[in-house]
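Notebook, opened to record what I looked up in this model. The entries follow the order in which I checked things.

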Amino acid sequence: MKLLGPLKSMNNMKKSNLDSFLVGIEDLTVNYPSYKMIDIKKINKVKEVFIVLNKNYHNHELDYLKEALISLEEIGIKKVLFYDMAVIGIVKELGLKLELIWAQEHFTTNYQTINHFINNGCSGAFISSEITINEIEGIIKNVKDKTLIVNLFGYMPIFASERNLISNYKKEFNLTTNSKVNYLKKDGLTYPIIDNKYGTFVYSSYILNGIKEYKKVNNSYVFLNNFLISDKLYDEVVLMFKSVNEDNKDEYFNKINNMFEGNTKTGFLYLETVFKVKK
Amino acid sequence: MKKVELLAPAGDLERLKYAINYGADAVYIGGYKYGLRANATNFSIDNMKEAISYAHERNRKIYVTVNITLHNDDLTGLLEYLKELDSIKVDAIIVSDPYIIELAHNHTNLEIHVSTQASTLNIESCKYMKSLGCSRIVLGREARREEIKEIIDNVDIELETFIHGAMCAGYSGRCVLSNHLTARDANRGGCAQICRWDFDLYDDNKLVEGDKPFTFCSKDLSMVDHIEDMIDLGITSFKIEGRMRSIYYIATVVSVYRKIIDAHLNGHDLNNKQELKLILNRVANRDSAPQFYVGNYDNNSQYYNGREEVSNQDFLGVVVDYKNNIVTMEQRNYFKPADKVTIFGPNTSVDLVIPDIYNIDMEQLEVARHPREIIKFKLEDKVNKGDLMRIKI
């Protein structure tokens, strides 16, 4: 099991216990910290880098996207997570030697579609957080020897819009806010929400805690999201994932839950969603 | 000028026939499996055969949505289903999952349209989807006019855009609010429309409170003021949202856009466009806007009235028979003698004042107050079975 997490800052990257960093590029990435190409080159010398290109692109962004993909190859980046099909199209057209990882958040829910992308030149997938551990195991079993990323910790992105929903609300009713992160409350649950130049993004009301399932995803990259998590607590979580075993997994599970004052859940790991509610 | 397509939704056979009769060139429907409206009535294979037969006899087309996000368990039976759709001569499938595209392309003769669920917005994405064997792309709702033009100029592929109906608040497919708040899977047809719920918005632990609560909800889409421009731009197909909508909604929206499209294609000016717009505005009883096409997605495109909207009572009844100057009507909403109404249909447009009305036993009534009650009244102008009656707008 290798541990992958977003790089919050370049200051302490050498001390990180993560195996690999998830790194965004300014104006091509949403939800994760972004860096300039010159910095990405430096980060890549410290640890393995997974670039995340997960914005929905418009035509006017395509030239910049092409330039960025060419630069990534030039500076020796190997792995690139992508959302928009423009990325796979451009990489193929330009013949770039980048290992593309299909990362369409909520769409990566079965092994055959992942294999479709592998057959089309990709090297793996970032598996959806909205499926059960049994489904994840089914994917791992049927997608062999490829890069699979499984999310087991942190707040999860659950909504993305090009609209600036908080700005719109404030404008409509002549209101002000000061924080970069606001919160939506409903039925006793609190959802972080961000409104920025890329649109509006909402996150789960709880922190995913899937440490008990470490063994089932042992040959994959495990993603640990640090969004809204303090560096101190995040480092502790990373160390627990580094040393988790069958003897301590329950203890670590409870410890993580206590660290975040009970605001952790196992997400959809054991919860099947439904979609037909009428007979 | 090339022919353009008016594409309507239908949740069942009755609505499909209304869509076709009122002027749709093509209708999109869902089967019992693999579609994103799991809670609509939907179509069995036998229903689909009847729909296809009805449509093809009238030189229209039927598209079937196969646009869920597949889970491992959904893979079983998928290829057989696609082959079945092919064998009954479905004109195209609407798909977002690339594995379904691959299967359909390699094992069937089905035409493949990329669903709006894929949020395709740019030239390179369109080129890539074309390379997989897709013949048409239903663009993401975030596409602006100039972007659509650029795609048309650079990629030889048919484009379809939504012109009317409800909008997702987020990028299609990138919203799993429903999964997280209700455990209903939005990307497999279970969307619980969380975007229409009210939320409390907090900043630094303080409630940020306007006159209305925070909501994700946007106004509906209406391209009634831009449809002519969209035709001139070169868009192939114009899609109306709403497989769960009523026959009245489908008939009204289809017939209004049909009139506008035909007038433009034939070079005629419509002298009643304001009236048509008013009819459209009333049919959903929600505010609408052209939104991303014209680059407007600010607060004026948001809808803050939550679920306050109520169904209006415009739709009064369905003509079930017309003989010897007597209309037989199945009631849908309250009406009474002296009300001003319109009976409209594919070949009908009659304004009238309701005369004396009678029940099925020819007993005179003061009002028609019971849903589905059979009502009769005299009318000189000929109307047809299946025509609809609404209040005069």
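How many salt bridges are there between chain B and chain A? I count 3 salt bridges between chain B and chain A, a salt bridge being a side-chain nitrogen of Lys or Arg within 4 Å of a carboxyl oxygen of Asp or Glu.

Ground rules, noted before going on. I am working on a predicted model, in which local features need pLDDT of at least 70, side-chain atom pairs count only at pLDDT 80 or more, and totals for chains, interfaces and linings use all residues. Residues are numbered from 1 along each chain as its sequence is written, chains are lettered from A and ligands numbered from 1 in the order in which they are written, and side-chain values use heavy atoms, with hydrogens and water left out.

Entry: the interface.
I looked up the contacts (heavy atoms within 4.5 Å) and found 75 residues of chain B touching 73 residues of chain A. The buried area between the two chains is about 6700 Å², with 55% of it from carbon and sulfur atoms; this is the accessible area (1.4 Å probe) that two parts lose on being put together, summed over both. On the chain B side, B:Tyr128, B:Arg174 and B:His180 lose the most area to chain A, together 13% of what that side buries. I also noted that B:Arg174 forms a salt bridge with A:Glu105 through their side chains, at 3.2 Å, N to O.

H3(A) packs against helix H5 (residues 123–131) of chain B at about 75°, the axes 7 Å apart. Helices here are DSSP runs (H or I, at least four residues), as strands are (E, at least two), numbered from the N terminus. Axes are lines fitted to C-alpha atoms, for helices over the stretch in contact, and angles run from 0 to 180 degrees between N-to-C directions. The angle makes H3(A) roughly perpendicular to H5(B); under 35 degrees counts as roughly parallel, over 145 as roughly antiparallel, 65 to 115 as roughly perpendicular and the rest as oblique. From H5(B), B:Tyr128 takes part in this contact, and the H3(A) side includes A:Ile88 and A:Ile90. I sorted the contact residues into 6 nonpolar, 2 polar and 4 charged, where Ala, Val, Leu, Ile, Met, Phe, Trp, Tyr, Cys and Pro count as nonpolar, Asp, Glu, Lys and Arg as charged, and the others, Gly among them, as polar.

Entry: H3(A) within its own chain.
Helix H2 (residues 62–74) of chain A packs with helix H3 (residues 85–94) of chain A at about 55°, with axes 10 Å apart. That makes H2(A) oblique to H3(A). Among the residues that meet are A:Leu65 and A:Leu69 of H2(A) and A:Ile90 and A:Leu94 of H3(A). By class I get 9 nonpolar, no polar and 1 charged.

Entry: chain B.
Helix H1 (residues 13–21) and helix H9 (residues 247–265) of chain B pack at about 15°, axes 9 Å apart. That makes H1(B) roughly parallel to H9(B). B:Arg15 and B:Tyr18 are among the H1(B) residues in this contact.
B:Arg15 turned up again as a contact of B:Thr41, which also touches B:Gly11, B:Asp12 and B:Tyr32, residues up to four places away in sequence not counted. B:Thr41 lies in the loop between strand S2 (26–30) and helix H2 (45–57) of chain B. Its C-alpha is 5.7 Å from that of B:Gly11, 30 residues apart in sequence.

Last entry: salt bridges overall.
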